[in-house]
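We will go from whole chains to single residues, with a stop at each selection.

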Amino acid sequence: MQKISVKEAILRAGKGLWKVFPMILGTILLVSLISTLFPKSFYTILFSKNIILDSFIGSLVGSISVGNPITSYIFGGEMLNQGVSLLAITAFLVAWVTVGIIQLPAESMILGKKFAFLRNLSAFILSIIVAIITVSIVGAF
Amino acid sequence: MDFKNKLKRIGSGWYFLVIVSLIYILLVIFKQDLFFSSLNFFYRIMLKIIPILISVFVLMVLINYFITPKFIMKHLREKGFKKWFFVVIGGILSSGPIYMWYPLLADLKSKGLNYGLIACFLYNRAIKIPLIPFAIFYFGWKYIMVLSFVMIFMSIIQGIIINKLMEV
């Protein structure tokens, strides 16, 4: 196995972080504005505490969102602090990284339309199931 | 390089940052109290996440150095149950943009890797080791451990379902 040099590994990591840097900064600025603008009560109205509906909304928002997962953690974490349910946040985080609407054309072209459609659809449904199971287990301990 | 090509090279992240910055410029003109409250909130988040960003960088360097696509692709060729195990591990350890992996997976598919294993690999890419410090900071150890195990389990379920559905 051919390894890369330490210098190259550092450069790659630096490039990777630099690429997501504007997105991170923009997300934190946006989250700061949203958190200041909307009171916590706003989110309790939006998320009704209905298990299926909350996780469905979270999955839907996560599926159509794009960007590095760091952004999803920052956004999800700050929204959790604002009172959004853990269930919705979990579904959002899982859908963000497992459902790829933007990559769908490339995935269809290279791995086949049927596969790409089935994989993304099942990933969407699973994000809801994963959220319900995870939150139930975490809540039980 | 002409202006059009230069614009193309600017990532969408920078456009996003410019748009958000413009909103802040409008705020400083028309709604200064909201501007300063938001900026104060921004400052507090930045203070919290800078040390985490440093640990993310260190983990990224380590993964880049030790794990190469060649290393992962080699282990995806295992047989039987071991194959599922290495697909899960391979997915977790793989880095870089997802589209980079499509041609490599298509190549492995032609060499016998089934659709279920490909789906399982892609699902496990969602578990990012370098980002664990961020995940722990916001959600805690217990939550991230549980979420990761549930996701690994579900990735295998998804793989089995995809295999069945692709046969239909």
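Select chain B to begin: 45% of its 168 residues count as buried, where buried means under 20% relative accessible area, exposed over 50% and partly exposed in between (1.4 Å probe, protein chains only). This is a predicted model, in which local features need pLDDT of at least 70 and side-chain atom pairs count only at pLDDT 80 or more, while totals for chains, interfaces and linings use all residues. Residues are numbered from 1 along each chain as its sequence is written, chains are lettered from A and ligands numbered from 1 in the order in which they are written, and side-chain values use heavy atoms, with hydrogens and water left out.

Colour chain B by secondary structure and you will find nine helices and zero strands; helices (H or I, at least four residues) and strands (E, at least two) are DSSP runs, numbered from the N terminus. Contact here means heavy atoms within 4.5 Å. Of the chain B contacts with a separation of 6 or more, 76% are between residues 24 or more positions apart.

Now switch to chain A. This chain has seven helices and zero strands, and 50% of its 141 residues count as buried. Its C-alpha atoms fill a box of roughly 50 × 40 × 35 Å, taken along the principal axes.

**Between the chains**

Show both chains together. Here 66 residues of chain A are in contact with 56 residues of chain B. The area buried between them is about 5900 Å², with carbon and sulfur atoms giving 81% of it; buried area is the accessible area (1.4 Å probe) that two parts lose on being put together, summed over both. Highlight Leu29(A), Tyr73(A) and Leu111(A), which supply 11% of the area that chain A buries against chain B, more than any other three residues.

**The core**

Which residues have the most contacts inside the largest nonpolar core? Select Ile70(A), Ile49(B), Leu122(B) and Phe134(B): they hold that place in a core of 87 residues. Such a core is a set of buried Ala, Val, Leu, Ile, Met, Phe, Trp, Tyr and Cys residues joined through side-chain atoms within 4.5 Å. Helix H3 (residues 32-66) of chain B gives the most to this core, with 13 residues.

Zoom in on Leu122(B). Leaving aside residues up to four places away in sequence, Leu122(B) touches Glu107(A), Leu111(A), Phe115(A) and Arg119(A), along with Ile98(B), Tyr102(B) and Leu105(B).

**A helix pair in chain A**

Next, pick H4 (residues 69-81) and H5 (residues 86-98) of chain A, which pack at an angle of about 170° with their axes 10 Å apart. That makes H4(A) roughly antiparallel to H5(A), a label for angles over 145 degrees. Axes are lines fitted to C-alpha atoms, for helices over the stretch in contact, and angles run from 0 to 180 degrees between N-to-C directions.

Click Thr71(A), which lies in H4 of chain A. Thr71(A) is buried, with a relative accessible area of 4%. Among residues beyond four places away in sequence, Thr71(A) touches Met23(A), Thr27(A) and Trp96(A).

**Last stop: H8 of chain B**

Select residues 132-139 of chain B, helix H8, and show its buried residues: Pro133(B), Phe134(B), Ala135(B), Tyr138(B) and Phe139(B). What covers them? The cover includes H4 and H5 of chain A together with H3 and H9 (141-167) of chain B. Finish on Gly140(B), which follows H8(B) and has a positive phi, near 90°.

Terms used. Angles under 35 degrees count as roughly parallel, over 145 as roughly antiparallel, 65 to 115 as roughly perpendicular and the rest as oblique.
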